[in-house]
Amino acid sequence: MAYEAVGRTSEAIQVYTALSKSRMEDIKYNAKRLLLGIEAMQFMREEAKIEAFSRKKVSQTFIDTTGLGNIAENFDVRYNTAYIDLDRKGGYYRKLTESVVRSIREARQILLAATDSTEVERTKVIQALRSIDRSFSNSLQEEIKRNEPEPEPIAIMNGVPIVSAKEDRKPTTLGLDSFNLGDISQIMENIEGAWKLQLIADSKGDGVSFFNKTLAWQNFDIGEMRYKASGPYGFLSLSQSGTFCIDEEQRIITRSEVEKDGSAALFLDVYSNSLTGPIAAVNLQQQIISVDSELMVTRKVLPKDKLGDKVRGYFSVWRRAQDSSLQ
């Protein structure tokens, strides 16, 4: 009954089935009754499709019976959390509501159009990036969970382990507005070639730097697993080349064996965590959250305790480029 109470129906059925063959008549009788009860509930829910037996209906009935839906009415002091004064100090809230991004397709269209500050508002650019960021994080967690090994049963009855029902670990069917995480082979195929830096954005707020007048680029050679990159560092410049690898699970780019050239090469440490701007977008560990034939979006790899803070230069957006245009 404990299995049934916590929703682990498959294990409960195994226990009731085993107990229904007991030599003790009262145990056998009660086990059969409990087993028939589960079968009846499953029939009503799955075969007859009766709404009263659905999980949602049962949970709503519990909420209505216990009064959880109106629990705030039991207190003398209540606050209307939905009230926002848009006429007084409400400008930023209005800007956020106008910048809501409703789908992955819309987010991608916003980033494709955001070539300079006159095309798309900075707040909307960051909202688009955050939308893609959330979808990537959710999809990555689902993929990691699907790839986890099946847990071994630890409860045993009559010498037989009580096995839980296997969850459906197949990825959900993608729609037009669904986020496509892509496997590592697809990512490697898409990342091949030259990319020009379009913009760098903060994790929150409206901090966006456009690079429509400044040239910063990187070029990936998947066959040799080598890269080349170039970009400004203040009034100086840096060109570099080296090897790279991409973590298959986390999609993190890591570079090594870096060779430097240019006016900033003598004193710039490309392995420093204090790098900023285009040089940081190339040399700091970056996680690929979206890449297709035209657009690549990456984010900085940060410790978990820093993820809640506002991070400058958190997102980098790259556009597909021809090698000849980078000279």
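**Exercises on a predicted chain**

Arg251 sits in the loop between strand 7 and strand 8. Helices (DSSP H or I runs of at least four residues) and strands (E runs of at least two) are numbered from the N terminus. The model is predicted: local features need pLDDT of at least 70 and side-chain atom pairs pLDDT 80 or more, while totals for chains, interfaces and linings use all residues. Residues are numbered from 1 along each chain as its sequence is written, and side-chain values use heavy atoms, with hydrogens and water left out.

**Exercise 1.** Describe the backbone and burial of Arg251, then do likewise for Glu257.

*Solution.*
- Step 1. Most residues other than glycine have a negative phi.
- Step 2. Arg251 has a positive phi, near 60 degrees, and is not a glycine.
- Step 3. The relative accessible area of Arg251 is 1%, so this residue is buried. Buried means under 20%, exposed over 50%, and partly exposed in between, with a 1.4 Å probe and protein chains only.
- Step 4. Glu257, also not a glycine, has a positive phi of about 50 degrees. It belongs to strand 8.
- Step 5. With a relative accessible area of 56%, Glu257 is exposed.

**Exercise 2.** Summarise the chain by secondary structure, burial, contacts and surface.

*Solution.*
- Step 1. There are nine helices and 11 strands.
- Step 2. The chain has 327 residues, and 35% of them count as buried.
- Step 3. Take contacts (heavy atoms within 4.5 Å) between residues at least 6 apart in sequence: 57% of these join residues at least 24 apart.
- Step 4. The accessible surface (Shrake-Rupley, 1.4 Å probe) is about 21,100 Å², and carbon and sulfur atoms account for 51% of that area.

**Exercise 3.** How many aromatic pairs does the structure hold? Characterise two of them.

*Solution.*
- Step 1. The structure holds three aromatic pairs. Rings of Phe, Tyr and Trp (its six-membered ring) pair if their centres lie within 6.5 Å; planes under 30 degrees apart are stacked, over 60 edge-to-face, and the rest tilted.
- Step 2. Phe220 and Phe244 are edge-to-face, at 5.1 Å centre to centre and 70 degrees between the planes.
- Step 3. Phe220 is in strand 5 (residues 217-221) and Phe244 in strand 7 (residues 236-246), so this pair ties together parts 24 residues apart in sequence.
- Step 4. Phe220 is buried at 1% relative accessibility, and Phe244 is buried at 5%.
- Step 5. Tyr233 and Phe267 form a tilted pair, with 6.4 Å between centres and 55 degrees between planes.
- Step 6. Tyr233 is in strand 6 (residues 226-233), and Phe267 is in the loop between strand 8 (252-261) and helix 9 (277-283); they are 34 residues apart.
- Step 7. Tyr233 is partly exposed at 28%, whereas Phe267 is exposed at 52%.

**Exercise 4.** Which residues have the most contacts inside the largest nonpolar core, and which elements give two or more residues to this core?

*Solution.*
- Step 1. A nonpolar core is a set of buried Ala, Val, Leu, Ile, Met, Phe, Trp, Tyr and Cys residues joined through side-chain atoms within 4.5 Å.
- Step 2. The largest core has 31 residues, and Ile191 and Phe220 have the most contacts inside it.
- Step 3. The elements giving two or more residues are helix 8 (184-191), strand 3 (193-201), strand 6, strand 7, strand 8, helix 9 and strand 9 (286-291).
- Step 4. Helix 9 gives the largest share, four residues.
- Step 5. Beyond four places in sequence, the residues that Ile191 touches include Phe220, Ile246, Ile288 and Arg320.
- Step 6. A second, separate core has 28 residues, among them Leu111, Leu199, Phe210 and Phe315.

**Exercise 5.** Is Gln198 buried or exposed, and what is in contact with Gln198?

*Solution.*
- Step 1. Gln198 is in strand 3.
- Step 2. Its relative accessible area is 6%, so Gln198 is buried.
- Step 3. Leaving aside neighbours within four places in sequence, its contacts include Leu111, Phe210, Leu295 and Trp318.

**Exercise 6.** Where around the axis of helix 2 do its buried residues Glu11, Ala12, Val15 and Tyr16 lie?

*Solution.*
- Step 1. These four buried residues belong to helix 2 (residues 9-19).
- Step 2. They cover an arc of only 135 degrees, which puts them on the same side of helix 2. The arc is that of the directions from the helix axis to the C-beta atoms.
- Step 3. The C-alpha atoms of Tyr16 and Leu36, 20 residues apart along the chain, are separated by 9.5 Å.
- Step 4. Leu36 is in helix 3 (residues 25-47) and is exposed at 55%.
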